[in-house]
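Please look through the structure below alongside its sequence.

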Amino acid sequence: MKRKFSIYIPGRSALLYLRLTLPLVILEGIFILISYLVDRQTDVLLAFDTWSMAFYDYLAAILVAVLLAIVADAIELERKKRNGE
């Protein structure tokens, strides 16, 4: 028999949180990229030095958004277990 693989779908609170935060994080990434490219036209090394930390901050923002969605999903699952649903 073939085994069906099920894909885990997070709860409503995690999906709502991701729907709100991920577009904001994507906009932040676009603005960082545009600012970097504008500064790169004048001085490549200065632009890299200035915007390299912003890139790390951008990656941290993505990581925080995903981890908070996981926490929100875990809280929702725990609440469902306690209520007996």
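**Rings, helices and a pocket**

The count of aromatic pairs comes to one, where rings of Phe, Tyr and Trp (its six-membered ring) pair if their centres lie within 6.5 Å. The pair is formed by Phe55 and Tyr56, with 6.1 Å centre to centre and 55° between the planes, and is tilted; planes under 30 degrees apart would count as stacked and over 60 as edge-to-face, with the rest tilted. Phe55 is partly exposed at a relative accessible area of 44%, while Tyr56 is exposed at 52%. Here buried means under 20% relative accessible area, exposed over 50%, and partly exposed in between (1.4 Å probe, protein chains only).

This is a predicted model, in which local features need pLDDT of at least 70 and side-chain atom pairs count only at pLDDT 80 or more, while totals for chains, interfaces and linings use all residues. Residues are numbered from 1 along each chain as its sequence is written, and side-chain values use heavy atoms, with hydrogens and water left out.

Helix α1 covers residues 12-42; helices (H or I, at least four residues) and strands (E, at least two) are DSSP runs, numbered from the N terminus. With 31 residues, α1 reaches 46 Å from its first C-alpha to its last, close to the 45 Å expected at 1.5 Å a residue. The expected span is 1.5 Å times one less than the number of residues.

Which residues of α1 are buried? They are Ala14, Thr21, Val25, Gly29 and Ile32. An α-helix has 3.6 residues a turn, so residues three or four places apart point the same way. What covers the buried residues of α1 includes α2 (44-83).

Thr21 counts as buried because its relative accessibility is 16%, and its C-alpha is separated by 6.7 Å from that of Ala65, 44 residues apart along the chain. Ile32 is buried at 14%. Leaving aside neighbours within four places in sequence, Ile32 is in contact (heavy atoms within 4.5 Å) with Trp51, Ala54 and Tyr58. The C-alpha atoms of Ile32 and Trp51 are separated by 7.6 Å, at 19 residues apart along the chain.

Gln41, also found in helix α1, counts as exposed because its relative accessibility is 70%. The C-alpha atoms of Gln41 and Glu78, 37 residues apart along the chain, are separated by 52 Å.

Ile32 and Trp51 also belong to the lining of the largest pocket, together with Gly29, Leu33, Tyr36, Phe48, Ser52, Phe55 and Tyr58. On a 1 Å grid over the protein atoms alone, a pocket is an open set of points where a 1.4 Å probe fits, with protein on both sides within 12 Å along at least five of seven lines; lining residues have an atom within 4 Å of a point. About 170 Å³ of space lies in this pocket, a volume being the space filled by probe spheres set on the points. Both α1 and α2 supply at least two lining residues each, and α2 gives the most, with five. By class, the lining has seven nonpolar, two polar and no charged residues; Ala, Val, Leu, Ile, Met, Phe, Trp, Tyr, Cys and Pro count as nonpolar, Asp, Glu, Lys and Arg as charged, and the others, Gly among them, as polar.
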